[in-house]
Amino acid sequence: MTGSLFTLTFAVAAPFWVLMILLPRWSWTARVIGSPLIVLPVLMIYAALVLPALGTVLPAVASPTLDSVRDLLGTDRGAAAAWAHMIAFDLFVGRWAWLDSRERGIPALVISPVLVLTILLGPLGLAAYLSLRSRWPRPAAVPAAAAQRLG
């Protein structure tokens, strides 16, 4: 079962990455990616792997040592849970970057390689996006009174 959950982890996240990277202007992409619940399938896999082993996992993460974390990750269940943990957070970060890039007007051809980097090497993708986003400041909000006059 652990091997199947490991394989399933990226499979349930991949469609969201496809939407953000390959179909960024499709109307359904914004609707789907707009929900933070897109990470829920991966979180369910993570919970299925971690909760039955909570007695082993909790001590290792509550008071981590290099040896305890290595021992935890050195098991099939531990590696699969770590994979689900990474996929969930990478997807959440990718979602945030995609939404933020749309607000800032960052072109899809610029953000797509950053999203690929986020899939492959999460923290480096985040670092790349944080350095990139400063070049596209967020547009100033239209004051409510001015918006009413325009509407």
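Me: What does Arg-70 count as on the accessibility scale?

Reply: Arg-70 counts as partly exposed, because its relative accessibility is 49%. The cut-offs are under 20% relative accessible area for buried, over 50% for exposed and anything in between for partly exposed, with a 1.4 Å probe and protein chains only. This is a predicted model: local features need pLDDT of at least 70 and side-chain atom pairs count only at pLDDT 80 or more, while totals for chains, interfaces and linings use all residues. Residues are numbered from 1 along each chain as its sequence is written, and side-chain values use heavy atoms, with hydrogens and water left out.

Me: Which residue forms a salt bridge with Arg-70?

Reply: Side chains of opposite charge can pair when their charged atoms come close. A salt bridge here is a side-chain nitrogen of Lys or Arg within 4 Å of a carboxyl oxygen of Asp or Glu. The partner of Arg-70 is Asp-71, with the closest N and O atoms 3.6 Å apart. The structure holds 6 salt bridges.

Me: Which residues form salt bridges with Asp-100?

Reply: Arg-104 forms one, its closest N and O atoms being 2.8 Å from those of Asp-100. These two residues are about one helical turn apart, because they sit 4 residues apart in helix 6. Helices (H or I, at least four residues) and strands (E, at least two) are DSSP runs, numbered from the N terminus. Arg-104 is buried at 14% relative accessible area, and Asp-100 is buried at 3%. Arg-133 also forms a salt bridge with Asp-100, at 2.9 Å between the closest N and O atoms. That pair links distant parts of the chain, with Arg-133 in helix 8 (residues 122-133) and Asp-100 in helix 6, 33 residues apart. Through shared partners, salt bridges join Asp-100, Glu-103, Arg-104, Arg-133 and Arg-138 into one network.

Me: At what angle do helix 6 and helix 7 pack?

Reply: Two packed helices are described by the angle between their axes and the distance between the axes. Axes are lines fitted to C-alpha atoms, for helices over the stretch in contact, and angles run from 0 to 180 degrees between N-to-C directions. Helix 6 and helix 7 pack at about 170°, with axes 9 Å apart. They are therefore roughly antiparallel; angles under 35 degrees count as roughly parallel, over 145 as roughly antiparallel, 65 to 115 as roughly perpendicular and the rest as oblique. Among the residues making the contact are Asp-90 and Trp-98 of helix 6 and Leu-115 and Thr-118 of helix 7.

Me: How do helix 1 and helix 7 cross?

Reply: The axes of helix 1 (residues 2-22) and helix 7 (residues 108-120) come within 10 Å and cross at roughly 165°. That makes helix 1 roughly antiparallel to helix 7. Phe-10, Trp-17, Met-20 and Ile-21 in helix 1 meet Ser-112, Leu-115, Val-116, Thr-118 and Ile-119 in helix 7.

Conventions. Contact means heavy atoms within 4.5 Å.
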